[in-house]
Structure formats: C-alpha cells, structure tokens
Amino acid sequence: MKIFLDTADVPTIVNHFDTGLIDGITTNPTLIMKSGRNPEDVYRELAGHGVPDISMEIVTEDVDVFVSEGKRLKEEFGECTTIKVPCTPAGLKACKLLSDEGIRVNVTLIFSATQAILAAKAGAAYVSPFVGRVDDNSFDGVQLVKDISLLYKEQLARTQVLAASLRDVRSVSECFMGGTDIVTMPVAVFDKMYNHILTDKGLD
Ligand code: E4P
C-alpha cells in the first residue's frame with residue numbers, strides 16, 4: 001500500500017516526505033509548469049532528498065526520443081527514476097524497449113482495462129488509471145481500478161496499479177479497497193486524510 005504525491009512543488013514535497021508516509025512522487029507537464037522550474041532541477045532536488053520513486057514524463061510521440069531520453073534520465077538520476085509514457089502505440093513500444101533495459105516505466109493516461117492489458121504486456125512497472133477524469137465523464141473511475149486490479153490478479157501480472165487523478169480522500173480508500181497497489185494524490189487530499197471530527201472531539 002504505497003502513497004505518492006502528485007506535485008512538482010519541491011518544498012511541499014520535502015516537508016511531506018519527512019512524515020515518513022510518502023513513497024514517491026508523480027509529476028506531469030502541467031505540474032512541472034506550475035512549479036515554474038526546470039524539470040530536471042526538480043528531479044535532482046527530490047533525488048538528493050532521498051525520494052525513492054519519481055515519475056518523469058517524456059513528452060514526444062517519437063519512440064527513439066522516448067528511449068534515448070528515458071535512458072539519459074535513468075543515467076542521470078539512478079534508481080529513483082520512473083519514466084512516464086502515454087498509453088499510445090509509440091509510448092508502449094518505448095515502454096517495451098525501456099523495461100527490457102531494466103528501466104521502470106509508468107504508463108499513464110489509462111482509461112480502460114484493455115489499455116492496461118497492453119501496458120502490462122509492454123512490461124510496464126505501473127499503469128495509471130485516471131479515476132477523476134473518468135468520473136468527470138460520468139463513468140465510474142474506481143470501478144476501472146477494480147477491473148484492472150482483478151485482471152492483473154487473475155493473470156498474475158507483475159505490473160502494479162497506480163491510481164491517479166484522485167480528487168478526494170474517499171476515492172483514496174475506495175481505490176485501495178478496490179485493489180490498487182499505489183495511489184497518487186494532490187497534497188491537499190493527502191492532508192485531509194488525517195482529519196476526522198471525532199478525533200478532534202476526542203482530543204477536546
Ligand atoms: C498522475 O500521474 C497524473 O498525471 C495526475 O494524477 C492527473 O491528475 P488530473 O486528472 O487532476 O490532471
């Protein structure tokens with residue numbers, strides 16, 4: 001049961017990582033842009049602080065670029081490197097090539113169990129089903145996590161489910177109950193996990 005934070009805000013990450021409850025970080029181009037920093041400066045600082053797993057998204061649709069950039073990032077940042085690629089033909093081809101070289105790959109933008117099948121066959125370490133965005137389109141995001149988790153369990157797949165695009169604490173517990181291995185969430189959602197009115201009442 002692993003918790004990742006979905007942010008590229010280094011001071012906040014460092015502060016929360018020191019709780020001992022955070023197992024990794026997922027970033028994406030939007031989060032990196034929000035940080036206003038060079039992505040590799042963010043990765044370097046986080047790696048220097050001992051964050052063991054950092055998802056680093058490569059934005060291209062050229063397999064050779066995915067692979068060369070993935071190898072370069074792994075060379076640069078070592079064991080904390082997880083290369084994030086989209087669930088596209090080029091992304092999955094790159095996933096196969098990178099995972100064959102022992103590089104951890106997180107296949108993102110997963111919206112169906114069939115996509116998760118292909119990602120597992122491509123050797124993905126993680127698949128990231130986007131729960132919140134599925135919910136935004138009037139489908140059941142947690143059910144997608146349940147379906148993929150069951151499928152991987154039945155097939156003894158080595159790929160882990162990394163539930164992403166989480167917007168509230170209820171989805172966090174529902175995804176873990178539904179079989180996800182990892183959840184990634186905004187810091188605001190993580191901070192709310194501590195809260196319960198009866199705990200406060202008990203303290204009073
Ligand atoms: C994580 O890897 C994803 O990029 C992130 O959870 C997406 O969240 P969003 O749907 O709120 O953008």
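Take cysteine 95 to begin with: its sulfur sits 9.1 Å from the closest cysteine sulfur, which belongs to cysteine 87, and that is too far for a bond. This is a predicted model, so these distances come out of computed coordinates. Cysteine 95 is buried, with a relative accessible area of 0%. On one flank, strand 6 pairs with strand 5 (residues 105-110) in the parallel sense over three bridges, and the bridge partner of asparagine 106 in strand 6 is tyrosine 126. To get from strand 5 to strand 6, the chain passes through helix 6 (residues 113-121), and this β-α-β crossover is right-handed. Strand 6 also pairs with strand 7, in the parallel sense and over two bridges. Here tyrosine 126 turns up again, standing opposite glutamine 160 in strand 7.

Follow the pairing onward from there. Strand 7 (residues 160-163) pairs with strand 8 in the parallel sense over two bridges, and leucine 162 stands opposite isoleucine 182 in strand 8. Strand 7, helix 9 (residues 169-177) and strand 8 make a β-α-β unit, and this one is right-handed. Strand 8 (residues 182-185) is covered on both faces: Ile182 and Thr184 are buried on one side, and Val183 and Met185 are buried on the other. Strand 8 has a further partner in strand 1, and the two pair in the parallel sense over four bridges. Within that pairing, isoleucine 3 stands opposite valine 183.

What does the search of the whole structure find in the way of aromatic pairs? There are four of them. One of these, formed by phenylalanine 4 and tyrosine 126, is edge-to-face, with 6.2 Å centre to centre and 80° between the planes.

Next, the ligand. Its surroundings are made up of Asp6, Thr26, Asn28, Lys84, Phe130, Arg133, Ala164, Ser165 and Arg167. Which contacts might you look at in that group? For aspartate 6, a polar side-chain atom lies 2.5 Å from an oxygen atom of the ligand. Arginine 133 likewise places a polar side-chain atom 2.7 Å from a ligand oxygen. For arginine 167, an N or O atom in the side chain is 3.4 Å from an oxygen atom of the ligand.

Threonine 82 is found in strand 4 (residues 81-86) and counts as buried, at 0% relative accessibility. Between threonine 82 and arginine 104 there are 22 residues of separation in sequence, yet the C-alpha to C-alpha distance is 5.0 Å.

Serine 138 is not a glycine, but it has a positive phi of about 65°. Look for serine 138 in the loop between helix 7 (131-136) and helix 8 (141-154). With 70% relative accessibility, serine 138 counts as exposed. Leucine 156 is not a glycine either, and its phi is positive at about 55°. Leucine 156 is in the loop between helix 8 and strand 7, and the residue is exposed, with a relative accessible area of 74%.

Methods. Residues are numbered from 1 along each chain as its sequence is written. Side-chain values use heavy atoms; hydrogens and water are left out. Rings of Phe, Tyr and Trp (its six-membered ring) pair if their centres lie within 6.5 Å; planes under 30 degrees apart count as stacked, over 60 as edge-to-face and the rest as tilted. Buried means under 20% relative accessible area, exposed over 50%, partly exposed in between (1.4 Å probe, protein chains only). Two strands pair if DSSP finds at least two bridges between them. A crossover is right-handed if, with the strands pointing away from the viewer, the path from the first strand over the helix to the second runs clockwise. A disulfide is a pair of cysteine sulfur atoms within 2.5 Å. A residue is near a molecule or strand if one of its heavy atoms lies within 4 Å of it. A polar contact is a pair of N or O atoms within 3.5 Å; within protein, one must be able to donate a hydrogen and the other to accept it, and residues adjacent in sequence count only if both atoms are side-chain atoms.
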